[in-house]
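Welcome! Take a moment to look over the sequence and turn the model around before reading on.

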Amino acid sequence: MPLVVMCGYPCSGKTRRAEELKAHFEKSTDRQVYSVGDGALGLDRNSVYADSQKEKEARASLKAEVERKVNKDNIVILDSLNYIKGYRYELFCLTKHTQTPHCLVHCLTSGEESSLWNRNRESAEQYGQDIFDALVKRFEAPDSRNRWDSPLFTVLKDDILPLDDISDALFKRKAPPPNQSTQSAIFNAQKTSVPGDLIPVPGATEKVALTRSVNMAELRKLRRQFISYSKMHPTENTSQIANMFVQYLNKGLH
Ligand SMILES: Nc1ncnc2c1ncn2[C@@H]1O[C@H](COP(=O)(O)OP(=O)(O)OP(=O)(O)O)[C@@H](O)[C@H]1O
């Protein structure tokens, strides 16, 4: 049945989140849940990701494994970097072909955070620093405006995985709240923007005006406030929720 595509920097917590999801699905459904990933295929990542031909073959094997496992009864979690936009598009086409719902879970970390986790890892699991840096540089961040990157769930390291929203997206095909992708767009844009820049966010036609730098704690707080606000003032016009959140942020960030 559904396909969950994990995505994120190397050592960004993808496997940890994938395991959490697998345990949740095993508890809440009676479907078989398969995790497909570099580990299961026995890939030596430091050699695979240093050689574009080997990497291409590894991606093809992972995709083939997904194709073998995806059917109307199973849930498949693809626990790999999945950092190439074109590859995520191919996975999306595969799910279209098998008429299977899919979603993306992006473990959003900073390069520094992941690099630190990587250095603290058992040496057998570590990426070499050169490979690590190259993968961070090559990373093509998901964007929920693309059909193949949607629905997109962006999780920060201290976030609680939105298990119910993910289940709804897969089993009820309900769209996730736009807030999380908004938060991640701002987080990413801040790395390169200067105060005064207008930042486009997924799903919204209005832009966030960054007048100063904002930290994650503040964004999270505004997100929580907005969620409580919108629960008290529900709108029929769900397509406008992303814009309402942008307006709320622009007021809150002044
Ligand atoms: N949310 C988190 N908070 C703190 N540390 C974390 C978190 N998630 C993962 N880590 C640390 O990062 C390490 C790697 O986690 P994990 O294997 O889940 O990452 P990954 O993205 O699957 O890595 P890889 O790219 O190698 O597949 C873990 O050993 C753990 O120490």
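Here is a short briefing, grouped by topic.

This is a predicted model, in which local features need pLDDT of at least 70 and side-chain atom pairs count only at pLDDT 80 or more, while totals for chains, interfaces and linings use all residues. Residues are numbered from 1 along each chain as its sequence is written. Helices (H or I, at least four residues) and strands (E, at least two) are DSSP runs, numbered from the N terminus.

**Around the ligand**

- The shell around the ligand consists of Gly 8, Pro 10, Cys 11, Ser 12, Gly 13, Lys 14, Thr 15, Arg 16, Trp 117, Arg 121 and Lys 157; a residue is near a molecule if its C-beta atom, placed from the backbone, lies within 6 Å of it.
- Helix α1 (residues 14–28) contributes the most to this shell, with three residues.
- By type, the shell has three nonpolar, four polar and four charged residues. Here Ala, Val, Leu, Ile, Met, Phe, Trp, Tyr, Cys and Pro count as nonpolar, Asp, Glu, Lys and Arg as charged, and the others, Gly among them, as polar.

**Strands and their partners**

- In strand β1 (residues 3–8), six of the six residues are buried. A residue is buried if 20 or more other C-beta atoms lie within 10 Å of its own, exposed if 12 or fewer, and partly exposed in between, with C-beta atoms placed from the backbone.
- Leu 3, Val 5 and Cys 7 point one way from β1, while Val 4, Met 6 and Gly 8 point the other way.
- β1 pairs in the parallel sense with strand β3 (residues 75–79) over three bridges, and also in the parallel sense with strand β4 (residues 102–107) over six bridges. Two strands pair if DSSP finds at least two bridges between them.

**Helices with a buried side**

- The buried residues of α6 are Phe 132, Leu 135 and Val 136. They line one face of the helix, because their directions fall within an arc of 100° seen down the axis of α6; the arc is that of the directions from the helix axis to the C-beta atoms.
- The face of α6 turned away from that buried side carries the exposed residues Asp 130, Lys 137 and Arg 138.
- The buried residues of α6 pack against α5 (111–119), where contact between two residues means that their C-beta atoms, placed from the backbone, lie within 7 Å.
- In α10, Ala 242, Phe 245, Val 246 and Leu 249 are buried. These residues cover an arc of only 100° around the axis, so they sit on the same side of α10.

**Backbone details**

- Most residues other than glycine have a negative phi, and most peptide bonds are trans.
- Cys 11 has a positive phi of about 55° although it is not a glycine. Cys 11 lies in the loop between β1 and α1, and counts as buried because 24 other C-beta atoms are within 10 Å.
- Asn 82 also has a positive phi, of about 45°, and is found in the loop between β3 and α4 (85–97). It is buried, with 23 C-beta neighbours inside 10 Å.
- The peptide bond from Ser 150 to Pro 151 is cis, with omega near -5°. Pro 151 is in the loop between α6 (129–138) and β5 (152–155).

- Is Tyr 87 buried or exposed? Tyr 87, in helix α4, is buried because it has 21 C-beta neighbours inside 10 Å.
- Leaving aside neighbours within four places in sequence, Tyr 87 is in contact with Arg 59 and Asn 82.
- Ser 193 lies in the loop between α8 (179–190) and β6 (198–200), and is partly exposed because it has 15 C-beta neighbours inside 10 Å.
- Ser 193 and Tyr 87 are 106 residues apart in sequence and 28 Å apart in space, C-alpha to C-alpha.
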